[in-house]
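Dear colleague,

Please find the structure below, together with its sequence.

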Amino acid sequence: MDQVYDFVGGISMIIGALLVLLAGIGAIRFDDTYARMHAAAKGPALGILMIGVGVGLAYYLASEM
């Protein structure tokens, strides 16, 4: 079961990092102000949530040992 937590935690951290990266790129590349605000608000919020889930699973795995 530990390998499942490790795998899911790693995948969620990678997905979160990619969401934050894509939101940063979107904030630079979009032309419209409202589109930039949308990219700067929605992407990092979900990305940070996914990173937090991954870190939480990694912490749970580390505290079990």
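Predicted model: local features only at pLDDT ≥ 70, side-chain atom pairs only at ≥ 80, totals over all residues.

Is Y5 buried, exposed or partly exposed? Y5 is partly exposed, with a relative accessible area of 24%; buried stands for under 20% relative accessible area, exposed for over 50%, and partly exposed for what lies in between, with a 1.4 Å probe and protein chains only.

Residues are numbered from 1 along each chain as its sequence is written, and side-chain values use heavy atoms, with hydrogens and water left out.

The two helices

Helices are DSSP runs (H or I, at least four residues), numbered from the N terminus. Helix α1 has 28 residues and reaches 40 Å from its first C-alpha to its last, close to the 40 Å expected. The expected span of a helix is 1.5 Å times one less than its number of residues. For the 32 residues of α2, this should give 46 Å, and the end C-alpha atoms of α2 are 47 Å apart, which agrees.

The buried residues of α1 are G9, S12, G16, A23 and G26, and these pack against α2. In α2, the buried residues are A39, G43, G47, G54, L57 and L61; what covers them includes α1.

The aromatic pair

A pair of aromatic rings is described by the distance of the centres and the angle of the planes. Rings of Phe, Tyr and Trp (its six-membered ring) pair if their centres lie within 6.5 Å; planes under 30 degrees apart count as stacked, over 60 as edge-to-face and the rest as tilted. By this rule, the count comes to one aromatic pair. The rings of Y5 and Y60 have their centres 5.3 Å apart and their planes at 90 degrees, so the pair is edge-to-face. Y5 lies in helix α1 (residues 2–29) and Y60 in helix α2 (residues 33–64), so the pair ties together parts that are 55 residues apart in sequence. Y60 is partly exposed, at 38% relative accessibility.

G54 belongs to helix α2 and is buried, at 0% relative accessibility. Which residues is G54 in contact with, leaving aside its neighbours within four places in sequence? They are G9, S12 and M13, where contact means heavy atoms within 4.5 Å. From C-alpha to C-alpha, G54 and G9 are 3.8 Å apart in space, although 45 residues apart in sequence.

I51 is also found in helix α2 and is partly exposed, with a relative accessible area of 30%. Not counting residues up to four places away in sequence, I51 touches S12, M13, G16 and A17. The C-alpha atoms of I51 and V8 are separated by 11 Å.

Y59, in helix α2, is exposed, with a relative accessible area of 62%. Its C-alpha atom is separated by 9.8 Å from that of D6, 53 residues apart along the chain.

L22 has its place in helix α1. With a relative accessible area of 54%, L22 is exposed.

Yours sincerely
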